[in-house]
Amino acid sequence: MSQSSLGCPGPATVVFDQSLTEYDFGPEHPMSPMRVDLTMRLATELGVVGDRLRVVRPPMASDDLIATVHRPELIEAVIRAGQDPRTIDGVHGLGSDDNPVFRDMHHATAHIVGATVEACRQVWSGESLHSANITGGLHHAMPGRASGFCIYNDIAVGIQSLLDQGAERVAYVDLDVHHGDGVERMFWDDPRVLTVSLHETGQMLFPGTGFPQDLGGPDALGSAVNVALPPGTGDAGWLRAFHAVVPPLLREFKPQVLVSQHGCDSHAEDPLAHMMLTVDGQRAAYLAVHDLAHELCEGRWVATGGGGYAIVDVVPRAWSHLLAIVSGVPLDPARETPDGWREHILHRLGRVAPMRLTDGRTPAYRDWREGYDPDTWLDRSIHATRMEAFPLHGLDPLP
Ligand SMILES: [Zn+2]
Ligand SMILES: [Zn+2]
């Protein structure tokens with residue numbers, strides 16, 4: 001099989017051990033840790049994880065580290081709830097259907113935070129050029145409240161750790177189908193962090209926020225950017241929006257390091273949202289993010305997972321592509337999934353796993369510079385974001 005390298009001039013790592021799958025809200029909850037287990041099995045059988053992508057053990061995040069972005073009351077409530085899971089806490093978002101309490105939940109979540117902070121440390125120190133934490137990406141957690149399956153915001157702690165290590169400009173690109181509201185909130189008024197979120201519009205989907213007019217606080221106007229896309233958007237529309245918004249803003253902002261969130265719940269088969277992407281479109285977006293890290297940040301790239309609830313049909317394939325691109329050698333889209341991996345899923349879950357590593361599409365998009373059509377919801381969405389955000393960065397919003 002032919003595998004062509006991206007020519008990355010440095011090592012890559014994935015921060016992982018099996019204990020990260022202890023972040024588990026129980027068998028009735030959509031965010032099953034099985035999705036991470038199946039991803040690591042697939043990526044390992046494909047040879048993605050190994051010499052090219054070294055596994056680094058995640059350290060535990062201390063309470064003090066978590067408290068760099070979270071309120072101490074939340075941390076105390078999470079510790080208490082994890083000691084007595086019958087505790088219902090109406091104040092900090094714990095004990096709801098979205099965020100049920102489970103035993104030792106503080107420990108499990110602090111470990112995921114530690115993994116993302118380690119991925120950031122790997123990249124900022126230069127030990128790794130690219131580093132990933134696919135169990136991370138808990139982008140909804142707020143300073144004082146758990147939200148949307150997210151207890152602590154590993155991404156925000158990671159970005160804060162980069163700032164505390166001396167980073168002056170961090171770009172955060174959120175490609176989950178849901179608005180990256182928690183990360184945006186944490187750095188709302190901090191001009192050192194540019195957050196850009198592409199998502200299904202909050203008119204249709206949790207958390208109901210993330211509109212073009214939401215641009216950051218008075219000391220950092222333009223540092224938050226939101227693209228609120230129509231339900232039903234597919235590969236072509238998603239990639240059109242990405243390329244119309246993300247590269248121009250990042251080129252102007254000139255980040256020193258790129259942090260990205262790769263929730264794959266934008267896929268057509270995801271049960272929680274209404275977008276129509278394929279694994280091929282998601283893979284194209286991973287490659288585009290990777291290229292921006294090289295173009296603008298000397299390759300410094302931290303990639304996290306995020307949402308994704310089609311745990312057999314989508315997540316393992318999508319994130320194996322992500323890990324492969326992090327490793328510097330993308331997987332051939334035409335390749336089949338390994339027999340052993342499919343057999344494991346048949347035995348373990350009684351389900352038939354996908355035969356191919358992608359959905360067999362060729363993602364293409366029309367470039368914004370060729371013009372736009374105000375009669376379409378998609379183009380109106382992109383246009384609205386450019387009109388609001390681009391002038392704040394000295395950019396012309398028109399094609
Ligand atoms: Zn690279
Ligand atoms: Zn999501």
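## Terms and model

A residue is called buried when its relative accessible area is under 20%, exposed when that area is over 50%, and partly exposed in between, as found with a 1.4 Å probe on the protein chains only. Cysteine 150, with a relative accessible area of 4%, is therefore buried.

The model is predicted, and local features need a pLDDT of at least 70 while side-chain atom pairs count only at pLDDT 80 or more, although totals for chains, interfaces and linings use all residues. Residues are numbered from 1 along each chain as its sequence is written, chains are lettered from A and ligands numbered from 1 in the order in which they are written, and side-chain values use heavy atoms, with hydrogens and water left out.

Donors are N, O and S atoms within 2.8 Å of the metal (3.2 Å for Na, K and Ca), and sites may look incomplete because water is not among the atoms.

Histidine 130 is buried at 1% relative accessibility, and histidine 290 is buried with a relative accessible area of 1%.

## The zinc ion, ligand 2

The zinc ion (ligand 2) is coordinated by Asp176 (OD), His178 (ND1) and Asp265 (OD), at 1.9 to 2.1 Å, with the donors spaced as D-x1-H-x86-D along the chain. Histidine 178 lies in the loop between strand E4 (170-174) and helix H6 (181-186), and aspartate 265 lies in the loop between strand E7 (257-261) and helix H8 (279-297), so the pair ties together parts that are 87 residues apart in sequence. Histidine 178 is buried, with a relative accessible area of 8%, and aspartate 265 is buried as well, at 0%.

## Helix H10

In helix H10 (residues 339-349) the buried residues are Trp341, Arg342, His344 and Ile345. They cover an arc of only 155° around the axis, which puts them on the same side of H10; the arc is that of the directions from the helix axis to the C-beta atoms. These buried residues pack against helix H1 (34-45) and helix H9 (315-327), where contact means heavy atoms within 4.5 Å. Glycine 350 follows H10 and has a positive phi, near 65°.

A disulfide is a pair of cysteine sulfur atoms within 2.5 Å, and a search of the whole structure finds zero of them. For cysteine 150, the nearest cysteine sulfur is that of cysteine 264, 14 Å away. For cysteine 297, which is also in no disulfide, the nearest cysteine sulfur is that of cysteine 120, 13 Å away, and cysteine 297 counts as buried at 1% relative accessibility.

Key
Helix = DSSP H or I, 4+ residues; strand = E, 2+ residues; numbered from the N terminus.
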